[in-house]
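Subject: Structure for your files

Dear colleague,

Please read them with the coordinates open.

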Amino acid sequence: MRLTRLFPVICLGLLIVLCPIYQKKFEEKRSTLLEESGIGYLIPSEFITTASLEFKGIVSDFLYLKMSTYLGGKIVNKEMMDRSQADFFYNAADIITSLDPWFWDAYLMSSMLLAWDFNRADLATKLLKKATTYRTWDFNPPYYLGFYHYYFLKDNATASTYLMEAARRGGGPGFLIPLATRLSVYQNSLTPAILLLEEQLKTTQDPFMVKHLGTRLKVIITLDKLEKKVAEYKKRNGHFPEKLSDLLSDKLIGNLPEDPYGGKFYILPNGRVFTTSKLRFIK
Amino acid sequence: MLAKILSLSMLTFRDGVRDRAILGVGLFSLGMMSITLVVIGFFMRELNKVAVDINLSAISLAGLLLTFFLSINLMAKDIDKRTIYCVMSKPFSRAQYIWGKYIGILFIIITAFTVLTMCSSLTIALAKLQYANWFKAFSWIEYYKAIYASFLMFVVLNAFVILFSSITSSSFITLLFSISIYIGGQTIEEVVLYLKSGPGQETQISEFIREMIDILQYVLPNFSVFDLKMQASHAIPLPLDYMFGITGYAAIYSVVLMIAASLIFNKRELS
Amino acid sequence: MVIIALKNVSKSYASGFLMKKKRAVSNISFKIKSGEIFGIIGANGAGKSTVIKMTQGFIRPDNGDILIADKNPFDPVSRLKMGYLPENPYFYTNLTALELLRFSTSASGVPKRLAEERIKSLLETVDLYASRKQRLKTFSKGMIQRAGICFALVHDPQIVVLDEPMSGLDPLGRKMVIDLILNLREQGKTILFCSHILNDVERICDRVAIMDKGCLRQIYNKNELGTKTMEEVFLNTIQEKIAC
């Protein structure tokens, strides 16, 4: 009789002990499955826009958070993402911004990711054009469009148009109009990128994003300084230096700068300075 | 006549407000609101948008839970449990019963919304205090407009609950139909706009279905007009005439439904 | 003066998948005079509750007419001066007895001061005054029955319809209800009374109608019983098996 009463208690105790162990083993199998699928983040279905009913806003927040924490994990672990995933991220961002077409954070993060990390400025600008259409009061979408056309797509004319549109909308930084009109002067300069990143840093509160943008800004400022030193070298010696150590020998720089992304700076025959990391973390 | 309807409304209100379900709904919504301060820390800039999204969604969810569980319980189960005899043995006409129940249910929704609005206002005020720099695109007026619009949706949805309850005493069938109306009402605008758009015109859909959707858009309530959450989260101002417009829409729709419910219930046998 | 009149009243219900009609009440006619206690007795399924529901306007007769104080039962005014206690009363369980009775008085248009006096008096009579602020969900079956009696009587109705009023009551409770009913008769109220407890029916009612399988078999005056008990009369009447 006593054993009949104790039996369920013993069973319960055993299960309480065994369940976490079983769950842990199962979680390992699950992680393997997710890794094998290539991406630990599922793209939201187009159906979700209709299925969200009156909760489109909060669903867009949730999907954005999912995307940003996934990307954050990749960046923190310094994992390079496959360029073929660019379309994947574009579609995810498109759905998030279809749920809430005014969601600036989603546009901003996705366009930055697509332009800087995936080198797909075409997709980035496509997203930003959507933002420009919906956020009619906001100078940011045309501002970023202008910058991306200038920096990535090398289309100064279109860049200037967008920067003028940003200036017209008001509320933007004071340099917009002079930047728009003097774009031809900045054709081969990194100054617009520096200005853009500094502006972004001022208005971002997320500490992770601040660190990420800060790293990028640091590298671009280094590239800009090196390009100016290269120009100075040419002025002195009549030709561009072949390698950075030439600037060191000429006492134009005190030491060889380090790329926080883990790459090496190098000089092109036309005097531009780049890095082997391409501003992305290398494994 | 009004005094009688009011006495039944107060009876319904007291019975409903003491139901344990309302406590559960309230705790759930408050829980959702309190996570606002934690969740917004994960976002970059538009913290006002996220805070407003979470709080308005919590209020809407509370309204839905109250409608689908409490309102249906107060109405459809009244006949099932025979508590209706205690009312109908008094000098109430069928129409007075219907209206009395409906107004009592609306009193419950108003009370719930008032409490939740106060709690959500406190949550947002705290979030605003903590992240003042990232709450620039926020407006209290637009926020309260969105809550009011959400309430109007529940005025219409509860009228549907009353209508279905007047037809059947099965609370399950009433629940099923009410949920269907809710989903249909939330999606009909999107479907109609899609069919009118370029890609929609090219989509292979039979003429019969297109005709049906054409008719349905006038039969089903368009609940999308009451969804102002997106506008509130981005502090996009809505003109006053729009607010008057949706108030009129909700009033006309619910009166039509209530008259239909009264007529149907008049023929109903309470056996 | 005739206060309740049923004339050739019939009622059928459709049931089952094929919606087959089942007759609940068949061609019933009777009149109840003002100040009379009229009892209806019958086996389960005889149609007693159906007759009572029709007098309350809950269901419509298929044929025939019903008049309550010269008004159609569907007219809410017919229920202004009527009190009803159903068999197994169901009330809103989150309310207190006090709230329930206040609702009854306000719905019947009783002035507030008078209502409070009557509520207090009735609750004391049925020994529920101490529990008046407790929610009805905490009440026992007997307490619910007594609350139901108060609900039916609190607005001082002229006509009282009681369907199995002794149900769930202990002997003390039953005595209390009988005393109440006799008191109501002294006040000149008209009472329509259904019960399975034939002793009570015999004791209280002026006239008794016996129903069987939806038909009204016979109406007996109290004086007509003679030396026979109500039970003997009832069984003899049922066993006659006369077609409706």
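Conventions. Residues are numbered from 1 along each chain as its sequence is written, while chains are lettered from A and ligands numbered from 1 in the order in which they are written. The model is predicted, so local features need pLDDT of at least 70 and side-chain atom pairs count only at pLDDT 80 or more, whereas totals for chains, interfaces and linings use all residues.

The mean pLDDT (the predictor's confidence in each residue, from 0 to 100) of chain A is 83, and 89% of its residues score at least 70. Helices here are DSSP runs of H or I with at least four residues, strands are runs of E with at least two, and both are numbered from the N terminus. Chain A is divided into domain 1 (45-135) and domain 2 (220-275), with bounds from an automatic or database domain assignment. The C-alpha centres of these two domains of chain A lie 36 Å apart.

Contacts between chains. Two residues are in contact if their C-beta atoms, placed from the backbone, lie within 7 Å. Of the 2 pairs of chains that touch, chains B and C have the most contacts. Chains A and C do not touch, and their nearest C-alpha atoms are 33 Å apart.

- B with A: 24 residues of chain B are in contact with 20 residues of chain A. On the chain B side, helices H4 (47-80), H8 (171-196) and H11 (229-233) each supply at least two residues, and H4(B) gives the most, with 6 residues. By class, this side of chain B has 10 nonpolar, 7 polar and 7 charged residues (nonpolar: Ala, Val, Leu, Ile, Met, Phe, Trp, Tyr, Cys and Pro; charged: Asp, Glu, Lys and Arg; polar: the others, Gly among them).
- C with B: 23 residues of chain C are in contact with 21 residues of chain B. On the chain C side, helices H1 (48-56) and H2 (97-107) each supply at least two residues, and the largest share, 5 residues, comes from H2(C). The residues of this side of chain C divide into 14 nonpolar, 5 polar and 4 charged.

The sheet of chain C. An open sheet of 6 strands in chain C has the order E5-E6-E7-E3-E8-E9, with mixed pairing (two strands pair if DSSP finds at least two bridges between them). Strands E5 (82-85) and E9 (215-221) of chain C stand at the edges with a single partner strand each, so one side of each has no neighbour in the sheet. Neighbouring strands are turned by 15 degrees against each other on average, direction ignored. E5(C) and strand E6 (residues 159-163) of chain C run parallel and are joined by 4 bridges; C:Met82 has C:Ile159 in E6(C) as its bridge partner.

Helices on the sheet. H1(C) packs on the sheet, touching E3 (37-42), E5, E6, E7 (190-194) and E8 (207-212) of chain C, and its direction makes about 150 degrees with that of E6(C). Axes are lines fitted to C-alpha atoms, for helices over the stretch in contact, and angles run from 0 to 180 degrees between N-to-C directions. In H1(C), 9 of the 9 residues are buried, so this helix is largely enclosed by the rest of the structure. Buried means that 20 or more other C-beta atoms lie within 10 Å of the residue's own, with C-beta atoms placed from the backbone. Among the buried residues of H1(C) are C:Lys48 and C:Lys53. C:Gly57 follows H1(C) and has a positive phi, near 80 degrees. Helix H7 (residues 230-239) of chain C lies across E3, E8 and E9 of chain C, running at about 35 degrees to E8(C).

Regards

Terms used
Buried ≥ 20, exposed ≤ 12 C-beta atoms within 10 Å, placed from the backbone.
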